[in-house]
Amino acid sequence: MSPLEAPDDRLLQAMKLVLLAALPGLLTLFWLYGWGVLINLMLAIVTALMVEATVLRLRRQPLQPTLSDGSALVSATLLAAALPPYCPWWLTVTAIASGLLFGKHVYGGVGRNPFNPAMLGFALVVVIFPQSMTHWPAHGLDLTASLQQVFGLGQTPDAWAQATVLDSLRINRSLTMDELFASNPAFGRFGGQGVEWVNLAFLAGGLFLLQRRIVGWHAPLGMLASLFTVSLLCWNGSGSDSQGSPLFHLLSGATMLGAFFIITEPVSGAKSALARLLFGAGVGLLTYLIRTWGGFPDGVAFAVLLMNLCVPALERFAAGRQVEVRP
């Protein structure tokens, strides 16, 4: 049994370690974008706890241990990390509330959800409010300006927001990769400006979870290997029609957050080793396809949800393979 599937104290301890592992990535986001990250996080946590408490009251169930098992807190934290740091307050509230309600409680609560709640909430607000999800800040704001921006109390500074590196590459038609990296402030050394460090920070946290055996290696390896392989096969150098190098895709968007913190969620993910490996590989492939030819800023959330639908088929395939190899 995975620690994330265990009840009560083991589940709470596993959730604490997941939050600890996410801390380097969250601190890097705060370093890059400032107070908006912390405001998003606080809004997400408060909303998640309120939704959990309200649903439990409506079902006439005790608040404990469900409210303190850490699952809602982890979902809120991961979703807040994926949202633009200075998105309107109502967007964060909508994403968290819809993710928990339609991704978890409509199916009966923790342990029964077929979809990843955080990614379902993210996907819903991307589809409904695409404009608010496509622009990330070029720099952080002070606390007062951050509060004004998030709660709509002031005007947005000029030239403050910019398209993400993935959006910039997807709509590019004339510039070579070298020209994009030299002229577009969204591009860093290998991937997105600053987002490279965010991905490395979440990678460090993910390795910590692997070392503590909170998550297995199969799904992360499947996703990263698949994303690397397909981007390598489709990479045609630095021409204007290039879709980005393998390193670009590994260090841009929510790659490492998805690989170690999202697809390793055991309830909506695959259970057996082979199925988890195939699940991760499918997420990596779909992430690349959506990033390259889709109309959304990143493909991780939609890739995860689509592969959630495939879990029963993956488990049946894995079970069949195990039967075949028996002597």
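Predicted model: local features only at pLDDT ≥ 70, side-chain atom pairs only at ≥ 80, totals over all residues.
1. Phe202 belongs to helix α10 (residues 195–211) and Phe261 to helix α13 (residues 255–262), so the pair ties together parts that are 59 residues apart in sequence.

2. The structure holds five aromatic pairs. One of them joins Phe30 and Trp35, again edge-to-face, at 5.4 Å centre to centre with 85° between the planes. Phe30 has 32% relative accessibility and so counts as partly exposed; Trp35, at 33%, also counts as partly exposed. Both values fall between the limits of 20% for buried and 50% for exposed.

3. Tyr33 is placed in helix α1, which covers residues 8–33. Its relative accessibility is 7%, so Tyr33 counts as buried; the limit for that class is under 20%.

4. What does Tyr33 contact, leaving aside neighbours within four places in sequence? The list is Pro85, Tyr86, Trp136, Pro137, Gly140, Leu141, Gln193 and Val195.

5. Ala138 can be set beside Tyr33 by C-alpha distance: the two are 7.9 Å apart in space and 105 residues apart in sequence.

How values were computed:
Residues numbered from 1 in each chain as written. Heavy atoms only, no water. Helix = DSSP H or I, 4+ residues; strand = E, 2+ residues; numbered from the N terminus. Buried < 20%, exposed > 50% of the residue type's maximum accessible area, 1.4 Å probe, protein only. Contact = heavy atoms within 4.5 Å. Phe/Tyr/Trp six-rings, centres within 6.5 Å; stacked < 30°, edge-to-face > 60°.
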